[in-house]
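Me: I have a structure open and would like to learn how to read it. Could you walk me through the features one by one?

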Amino acid sequence: MGIEEKLPAGFLLSTVEGLAGYMRKASMWPVTFGLACCAIEMMAVGTPDYDIARFGMERFSATPRQADLMIVAGRVSQKMAPVVRQVYDQMPNPKWVISMGVCASSGGMFNNYAIVQGVDHIIPVDIYLPGCPPRPQMLLNAIIELHKQVQSTPLGVNRVAAARAAEEAALQATPTHQMKGLLA
Ligand code: SF4
């Protein structure tokens, strides 16, 4: 009798999924990326007071090829949008995004033509973090929530397709011709 028959149904799959989820969440590296004042709070999580190294994430990667988390810290200008998208595209899958602060999430107080009214118009977002600016503790809390999400994501979920669907939904919600060009 094989080991599968001796174990409760789904035991092996759930164990493998749990292990894969644990390894993914415990080996997350953020890409070095800061856009405005929120970035100062993001940098603070690396200091001894907040110590992001407790989660194995102190290595902010200078190359998107070796990063799987983008923390969009600050307002995204129209000029910067293609750069944000390019850095995101250069990150390998699976990858995650935290939108840090009201400016990144919705444009915040910058309700004008120069600022993208929410970074989810150009990239899919997993966690929205409110505040202006969010404190480093709030960012750590968002990271912990993201870790829980990653840990519980079943294997085989096509995150690329899910991300594409989220992008399409965002574009349908607010048609923005310039943004459509970025996704081509
Ligand atoms: S949310 Fe506040 S702190 Fe963050 S980029 Fe906007 S203005 Fe700056």
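Reply: Let us begin with burial: a residue is buried under 20% relative accessible area, exposed over 50%, and partly exposed in between, using a 1.4 Å probe and protein chains only. Cys 103, at 11% relative accessibility, therefore counts as buried. Please keep in mind that this is a predicted model, where local features need pLDDT of at least 70, side-chain atom pairs count only at pLDDT 80 or more, and totals for chains, interfaces and linings use all residues. Residues are numbered from 1 along each chain as its sequence is written, and side-chain values use heavy atoms, with hydrogens and water left out.

Me: How much of the chain is buried?

Reply: Of the 184 residues in the chain, 39% are buried.

Me: Which residues surround the ligand?

Reply: A residue is near a molecule or strand if one of its heavy atoms lies within 4 Å of it. Around this ligand you will find Ala 36, Cys 37, Cys 38, Gly 74, Arg 75, Val 102, Cys 103, Met 109, Gly 131, Cys 132 and Pro 133. For classes, Ala, Val, Leu, Ile, Met, Phe, Trp, Tyr, Cys and Pro count as nonpolar, Asp, Glu, Lys and Arg as charged, and the others, Gly among them, as polar. On that scheme the shell holds 8 nonpolar, 2 polar and 1 charged residues.

Me: Which residues does the UniProt "binding site" annotation cover?

Reply: UniProt positions are given in the numbering used here, with feature names shortened, and annotations may be inferred rather than shown by experiment. According to the unreviewed UniProt entry, "binding site" covers Cys 37, Cys 38, Cys 103 and Cys 132. They span 96 residues in sequence, yet no two of their C-alpha atoms are more than 10.0 Å apart, so they gather at one spot.

Me: Is Cys 132 buried or exposed, and what does Cys 132 touch?

Reply: Cys 132 counts as exposed, at 54% relative accessibility. Its place is in the loop between β3 (127-129) and α6 (136-152). Contact means heavy atoms within 4.5 Å. Not counting residues up to four places away in sequence, Cys 132 touches Val 102 and Met 109. Cys 103, by the way, is found in helix α5 (residues 101-106); leaving aside neighbours within four places in sequence, Cys 103 is in contact with Gly 74, Arg 75, Gly 108, Phe 110 and Val 116.

Me: Where do the buried residues of α6 fall, seen down its axis?

Reply: An α-helix has 3.6 residues a turn, so residues three or four places apart point the same way. In α6, the buried residues are Pro 136, Leu 139, Leu 140, Ala 142, Ile 143, Leu 146, His 147 and Val 150. Seen down the axis, these fall within an arc of 155°, so they line one face of the helix. That arc is taken from the directions from the helix axis to the C-beta atoms.

Me: One more, please: what is Glu 41 in contact with?

Reply: Glu 41 lies in helix α3 (residues 38-44) and is buried, with a relative accessible area of 16%. Leaving aside neighbours within four places in sequence, Glu 41 is in contact with Met 100, Pro 133, Pro 134, Arg 135 and Pro 136.

Technical notes
Helices (H or I, at least four residues) and strands (E, at least two) are DSSP runs, numbered from the N terminus.
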